[in-house]
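Biologist: I would like to learn how to read a structure like this one. Could we go through its features in turn?

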Amino acid sequence: MLSINGILSSEFINFSIEKMLKQKNYDIKHIAVELNGEILPKSKFQTTILKDGDKVEIVSFVRGG
């Protein structure tokens with residue numbers, strides 16, 4: 001199992017971060033991803049593969065006025 005924003009799932013094991021984000025309909029331009037307690041640079045989204053036991057936190061930026 002892996003944890004995505006506190007929800008346990010095995011659905012995205014062996015997916016790249018980028019593929020998981022696209023499947024979950026995130027706009028990659030407006031998010032930050034923390035993987036196992038460290039911010040993951042966007043340049044690594046395509047090559048970082050999710051594995052059993054990973055903890056992912058996804059933060060979306062919202063513009064306000």
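Biologist: How many bridges join strand S1 to strand S5?
Modeller: Strands of a sheet pair through backbone hydrogen bonds, either parallel or antiparallel. In this predicted model, S1 (residues 2-4) and S5 (residues 55-60) run parallel and are joined by 2 bridges. Ser3 has Lys55 as its bridge partner in S5.

Biologist: How do S3 and S5 pair, in the parallel or the antiparallel sense?
Modeller: They pair in the antiparallel sense, over 5 bridges. Ile31 stands opposite Ser60 in S5. S3 also runs antiparallel to S4, with 3 bridges between them. Here Glu34 has Ile39 in S4 as its bridge partner.

Biologist: What is the order of the strands in the sheet?
Modeller: The order is S2-S1-S5-S3-S4, in an open sheet of 5 strands with mixed pairing. S2 and S4 (38-40) are at the edges; each has a single partner strand, so one side of each has no neighbour in the sheet. From one strand to the next, the twist averages 30°.

Biologist: Which residues touch the most other members of the largest nonpolar core?
Modeller: In soluble globular proteins, nonpolar side chains tend to be buried together. The largest nonpolar core here has 15 residues, and Met20, Leu21, Leu50 and Val56 touch the most other members. At least two residues of this core come from each of S1, helix H1 (17-23), strand S3 (31-35) and S5. As for Leu21, if residues up to four places away in sequence are not counted, Leu21 touches Tyr26, Ile28, Ile31, Val33, Phe45 and Ile58.

Biologist: Which residues of S3 lie on its covered face?
Modeller: Ile31, Val33 and Leu35 make up the covered face of S3, while Ala32 and Glu34 are on the uncovered one.

Biologist: Now the charged residues. With which residue does Asp54 form a salt bridge?
Modeller: Side chains of opposite charge can pair when their charged atoms come close. Asp54 forms a salt bridge with Lys51, and the closest N and O atoms are 3.4 Å apart. The count for the model is 1 salt bridge.

Biologist: Is Asp54 buried or exposed?
Modeller: Asp54 counts as buried, because its relative accessibility is 4%. Lys51, at 49%, counts as partly exposed.

Biologist: Last, the backbone angles. What is the phi of Asn25?
Modeller: Most residues other than glycine have a negative phi, and most peptide bonds are trans. Asn25 has a positive phi, near 65°. Asn25 is in the loop between H1 and S3, and at 69% relative accessibility Asn25 counts as exposed.

Biologist: Where is Asn36 found?
Modeller: Asn36 is in the loop between S3 and S4. These strands form a hairpin with 2 residues between them, and there Asn36 takes a positive phi near 50°. Asn36 counts as partly exposed, because its relative accessibility is 41%.

Conventions
Residues numbered from 1 in each chain as written. Predicted model: local features only at pLDDT ≥ 70, side-chain atom pairs only at ≥ 80, totals over all residues. Heavy atoms only, no water. Pairing = 2+ DSSP bridges. Helix = DSSP H or I, 4+ residues; strand = E, 2+ residues; numbered from the N terminus. Axes fitted to C-alpha atoms, helices over the stretch in contact; angles between N-to-C directions. Core = buried A, V, L, I, M, F, W, Y, C linked by side-chain atoms within 4.5 Å. Buried < 20%, exposed > 50% of the residue type's maximum accessible area, 1.4 Å probe, protein only. Contact = heavy atoms within 4.5 Å. Salt bridge = Lys/Arg side-chain N within 4 Å of Asp/Glu carboxyl O.
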